[in-house]
Amino acid sequence: MVDRGASALSLPDDWPAHPDPILALNRMGSFDWDLDTGIMQMDPQAHEIFDMSPDEYDGRPETLSVRVPPTESHRLDTHVSQAIKDGSENYGAYFRIRRRDGTLRWTHTQGYIRRDETGRPRRVIGIIRDATQELIESEAQREQAALDEFRRRQTNVVQIATAALAHARTVQDVIDVLTDTHGLPRLGATSLVMGLVEAGRIRLVAEGPTGSFVPGTRVTRIDEQYPMSEVVRTLTPRFIESPEDFAESYPLLWPHITDLHITSAAYLPLIAQARPIGALGLLYHDKRGFTAEDRNVLVALGSSIAQSLQRAMLYEQEKDLAQGLQQAMLPRSIPSVPGADIAVRYRSASLGRDIGGDWYDVIPLPGGRVGAVIGDVQGHDTHAAAVMGQLRIVLRAYAAEGHTPATVMARASVFLDELDTERFATCTYAEADLSTGVVQIVRAGHIDPLIRDPDGSCHRLFIEGGLPLGLSAEFGRLHYQVDTFELEPGQSLLLYTDGLVEQPGVDLDEGMKTLQALVHTGPDDVRDLADRLIDVADERGGEDDVALLLLRRLGHVAQQSGGRLQQHIGPGDPEALAGARHMIRAAVVAWGAEDRADEVELVADEVITNALMHTEGSAIVTLRALTGSDRRLRVEVEDASSALPRRREAGESGVSGRGLLVVDRLADVWGVDARGGGKCVWCEFIVPERN
C-alpha cells in the first residue's frame with residue numbers, strides 16, 4: 001500500500017464499510033481508486049449517488065458508464081487524465097449522470113492524486129456528491145455573476161483600450177485602434193464617431209462602421225445643436241437614454257440616424273490639459289440607459305483616448321518640426337559637377353518622432369575639384385539636427401578656404417568641441433580631382449566607404465581613420481591621416497551612414513557584405529542605384545536615419561593638361577604647408593611617377609617656402625600632369641609679389657640660400673612667369689609613360 005501522505009481528505013481505517021461521518025452527514029460519498037490495479041472502491045453513499053447497488057458494481061470505473069452519458073464520460077476522463085499527467089495534486093469537475101428513472105442529475109467530484117517518491121501517480125482518493133439542487137439554487141447567482149462579468153468586462157474596456165492605444169504614435173493610429181474590426185466590440189458600441197476641435201469647429205475624423213456618417217456633419221460649429229458640439233462646449237459627457245431622448249434633444253441629427261436603430265448613445269468630451277481637443281460618440285442599438293458604473297467606465301475611456309490623442313498630436317508636431325529643421329539644414333540642391341554623376345539620398349527613421357543628425361554635402365572647389373561629405377551627429381533629436389547644420393556649414397567653409405582634407409577635419413573637430421554641446425560626430429570627407437581621378441580622403445570615426453567598378457564589382461575601401469569630430473579635439477589627437485587613391489573613369493565612390501548597414505542582431509561585417517552585394521547587383525546609373533538602396537532601407541525599417549552619397553567619375557572629361565590639383569596656403573599656416581607636401585607626394589604616386597616623388601616634393605617645398613618667407617601674402621600651389629611629346633609633371637607656386645627670385649651664395653656654414661640651387665639641380669626645367677600683380681614660379685619633371 002502506497003503511503004497516502006498529508007491530504008485535505010482522510011478516510012477511516014475501516015473504510016468503506018464505515019464511511020466518514022462528516023462526509024455522510026453532508027450527503028457526500030467517497031472513493032479510493034488504485035491506479036496500478038484499476039480498482040476503484042466506493043462507499044455506500046457513493047453507490048447511492050450513482051443510483052447503483054453494491055452488487056451491481058464490480059469495482060471497475062468502466063461499470064459506471066451505464067449511469068454516465070458518453071459525452072459526459074469523455075469530458076470527465078479527459079479532465080482527470082490531464083490532471084494526472086501534468087503533475088496536479090487534485091482536480092474537480094461537474095458532470096451529469098442518468099438515474100434509473102431516466103432523469104439527469106448534476107454531480108460534482110473532487111479527487112486527490114497520491115504519488116510515490118518518484119512522482120508517479122499511484123492512487124486517487126476523492127469525494128462525490130449530488131450537485132443538482134446546488135446548481136438550481138445558484139441559477140440566480142449565475143445570472144448575477146453574468147451581470148457582474150459584464151460589468152467587469154465593461155471596466156476592463158478602459159484597460160484594454162489603453163493597452164491598444166499605448167502603441168499609437170499618430171492620430172491615424174488612434175483612429176485605427178478605435179475603428180478596426182475589434183475596436184467597436186471592445187467598446188460595446190454599434191457605431192462610433194470622433195471629431196477633433198480645429199479653429200472653433202469640430203472636424204469629423206473617424207466613423208465606424210463605414211456608412212454611419214451623417215451628411216452635413218463632416219465639419220460643424222461648436223455652437224450648433226449637435227451632441228458633440230454640446231459636450232465640447234460644456235466639457236460634460238452627454239448620456240442619451242432612449243430614442244425618444246435622442247429625437248427630442250437633437251432634432252437636426254436624429255432623422256439621419258434612424259436607420260441605425262439606435263436605442264442609446266454616449267457622447268464624451270476629449271479633454272487634455274483642461275481644454276477640449278475633440279469629442280467621441282458611442283451609439284448602441286441593444287442598450288437602454290446607463291448605470292452609474294457604465295458612466296464612470298465611459299468617462300475613464302474618454303480620458304484614456306484624449307491622452308492618446310494629445311500624445312499623438314504632440315508626436316506629429318514634433319516630428320514635423322524636427323523634419324523641417326533637418327530639411328532646412330540639408331543642402332536644398334546638389335550642384336552640377338563637370339566630370340561626375342552625383343546622387344544623394346536621405347531617409348528618416350521609420351520609428352520614433354526624433355530624427356538624427358545624418359547629413360551629406362557636395363562642395364564645388366577650384367581647379368575642377370569637388371568635396372564630398374557624409375556625417376552623423378550623435379543622438380536622435382532636434383539638437384542633433386541643429387549641430388549637424390552648424391557642422392555642415394563650417395566644413396563647407398573650411399574646404400572652400402583651400403585647406404587640406406586633414407585640416408578641414410581638425411578644424412571642424414575643434415569647432416564642435418568648442419560648441420556648447422556634448423555631442424560628437426562621425427564624418428568622412430573626400431576631395432576628388434575629376435580630371436586626374438586623384439581622391440584624398442579622411443575618415444573621422446565613420447564607416448569605410450565602398451568603391452563600385454564599372455563592371456559592378458564592389459569592394460570596401462579601408463581608410464585609416466581618426467577619432468570622431470569633437471572627441472579628437474577633446475583628447476588632443478587632431479592629426480588625421482589622409483589616404484589617397486585614384487578613382488578610375490566609370491568607378492563610383494559610395495559614402496553612407498551606419499543606418500544603411502546596421503541591423504538588430506546582425507554583425508557589422510555581415511551588414512557590409514549585404515550592402516556590397518546590393519551595390520554589385522544594382523543598376524549602373526547612380527540615381528537608380530541610390531533609389532534601390534533607400535528602398536531596401538525602407539523595407540527593412542529601423543530606428544536610425546540613412547544618408548548616402550554616390551559619386552561616379554565620368555570617362556569623357558577633357559584632359560588636355562592631364563589633370564590638376566590646387567591648394568591655397570596662408571602665411572604662418574604650417575598645417576597647410578604639410579598638407580601641400582602630402583598632396584603633391586600622393587598625387588605623384590597616384591599618377592604613376594613614384595620614382596620622382598622625392599624630387600618633386602623637395603623642389604615644391606623649396607619654392608613654396610621661398611614664396612612664404614619672402615612675400616607678405618599667401619601662396620597658391622598647383623600640380624599639373626601635362627601631356628604632349630613627353631609626359632611631364634608641373635609644379636606652380638603663385639604669390640602676390642612681383643620680385644623675382646634670385647640665387648644667393650649660402651657659404652660653407654649657411655643654412656639658407658640653397659633653394660634655387662636645389663630647384664635647378666632636380667627639376668628638368670623651371671622658370672618664372674608674371675601673373676598680374678604677382679608671379680608664378682614653375683618647375684617641370686619628365687616622367688615615364690604609365691603602363
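Start at the second largest pocket of this predicted model: select β1 (28–34), β2 (40–42), α3 (70–85) and β3 (90–98), since each of these supplies at least two residues of its lining. Color α3 by itself, as this helix gives the most to the lining, with six residues. The pocket holds about 450 Å³ of space. By type, the lining splits into 14 nonpolar, four polar and two charged residues.

Next stop: the sheet. Select its five strands and trace the open order β2-β1-β5-β4-β3, with antiparallel pairing.

Now zoom in on β3 and β4 (residues 104–115), an antiparallel pair joined by nine bridges. Pick Tyr94 and you'll see His108 of β4 opposite. Then bring α3 back: this helix packs on the sheet, touching β1, β3, β4 and β5 (121–130). The direction of α3 makes about 170° with that of β3.

Last, jump to helix α12 (residues 382–400) and click Ala399. Is Ala399 buried or exposed? Buried, because its relative accessible area is 3%, and the cut-off for buried is under 20%. Beyond its neighbours within four places in sequence, Ala399 contacts Ile363, Leu365, Val408 and Tyr429. Ile363 is 36 residues away in sequence, yet the C-alpha atoms of Ala399 and Ile363 are 7.8 Å apart.

Key
Residues numbered from 1 in each chain as written. Predicted model: local features only at pLDDT ≥ 70, side-chain atom pairs only at ≥ 80, totals over all residues. Heavy atoms only, no water. 1 Å grid on protein atoms, 1.4 Å probe; cavity = no way out; pocket = protein on both sides within 12 Å on 5 of 7 lines; lining within 4 Å. Points joined across faces, edges and corners; volume = space filled by probe spheres on them. Helix = DSSP H or I, 4+ residues; strand = E, 2+ residues; numbered from the N terminus. Nonpolar A, V, L, I, M, F, W, Y, C, P; charged D, E, K, R; others polar. Buried < 20%, exposed > 50% of the residue type's maximum accessible area, 1.4 Å probe, protein only. Contact = heavy atoms within 4.5 Å. Pairing = 2+ DSSP bridges. Axes fitted to C-alpha atoms, helices over the stretch in contact; angles between N-to-C directions.
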